[in-house]
Amino acid sequence: IFCGAKIYVPRARCTMAKKVMYINKYRPSVIFLNPVLLSQLAEYAELKNLQFYPLKIYTSGAILTSEQAHKVKQILLNCSIYNVYGLTEAGPRVAAQTNENIHKYGSVGKAILNTKMLSKKLDFLTTVQFLEFPTLT
C-alpha cells in the first residue's frame with residue numbers, strides 16, 4: 001500500500017466479540033462494514049455498554065436505511081458513519097457521504113471527484129445507470 005496504511009482483515013467467521021477486540025487492539029482510524037455488520041456492531045456495543053474512540057466507519061454493499069443509520073449513530077456516539085455507493089459490476093465506489101452531508105441518513109452523498117453519474121428510471125421496474133470515471137475510461 002503506497003500511502004503507508006495497514007490493512008487488517010479478520011476471518012470470515014469471526015465473532016463480534018473478536019471483531020471488537022481487534023478494533024481495540026489495532027486501533028484503526030477507519031473500518032469498512034456492510035450495513036448488517038454495522039448494525040450488529042452497534043447492537044453488541046449497546047448490549048455490552050461499549051463506546052469506541054473516534055472512528056470513521058464506511059459502509060456499503062447493501063442499503064443502509066435512514067432508520068438503521070440513525071439508530072447506529074445514537075449508539076456509536078464517537079463514530080462518524082459514511083455511506084458509500086458503487087455498482088458491483090463497476091468495481092470502485094462512485095458516490096460517498098462527506099462531512100457536509102454525513103447527517104443526511106439514508107443518503108449515499110455525492111459523486112466522488114471526477115465521476116459522472118446519471119440514473120434514469122425507464123419504467124416502474126427498470127432503472128438504467130450510466131457511469132463515467134477515470135478508472136474505467
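Guide: The accessible surface of the chain comes to about 9,700 Å², and carbon and sulfur atoms hold 58% of that. Such areas come from the Shrake-Rupley method with a 1.4 Å probe; for residues, only the protein chains shown count as cover. This is a predicted model, where local features need pLDDT of at least 70, side-chain atom pairs count only at pLDDT 80 or more, and totals for chains, interfaces and linings use all residues. Residues are numbered from 1 along each chain as its sequence is written, and side-chain values use heavy atoms, with hydrogens and water left out.

Visitor: Why is Asn 34 called partly exposed?

Guide: Its relative accessible area is 30%. Buried means under 20%, exposed over 50%, partly exposed in between (1.4 Å probe, protein chains only). So Asn 34 counts as partly exposed.

Visitor: What makes the place of Asn 34 a loop?

Guide: Asn 34 sits between β1 (30-33) and α2 (35-47). Helices (H or I, at least four residues) and strands (E, at least two) are DSSP runs, numbered from the N terminus.

Visitor: Which residues is Asn 34 in contact with, leaving aside neighbours within four places in sequence?

Guide: Thr 59 and Ser 60. Contact means heavy atoms within 4.5 Å.

Visitor: What does the side chain of Asn 34 reach at 2.8 Å?

Guide: The backbone nitrogen of Leu 37. A polar atom of the Asn 34 side chain also lies 3.0 Å from the backbone nitrogen of Val 36.

Key
A polar contact is a pair of N or O atoms within 3.5 Å; within protein, one must be able to donate a hydrogen and the other to accept it, and residues adjacent in sequence count only if both atoms are side-chain atoms.
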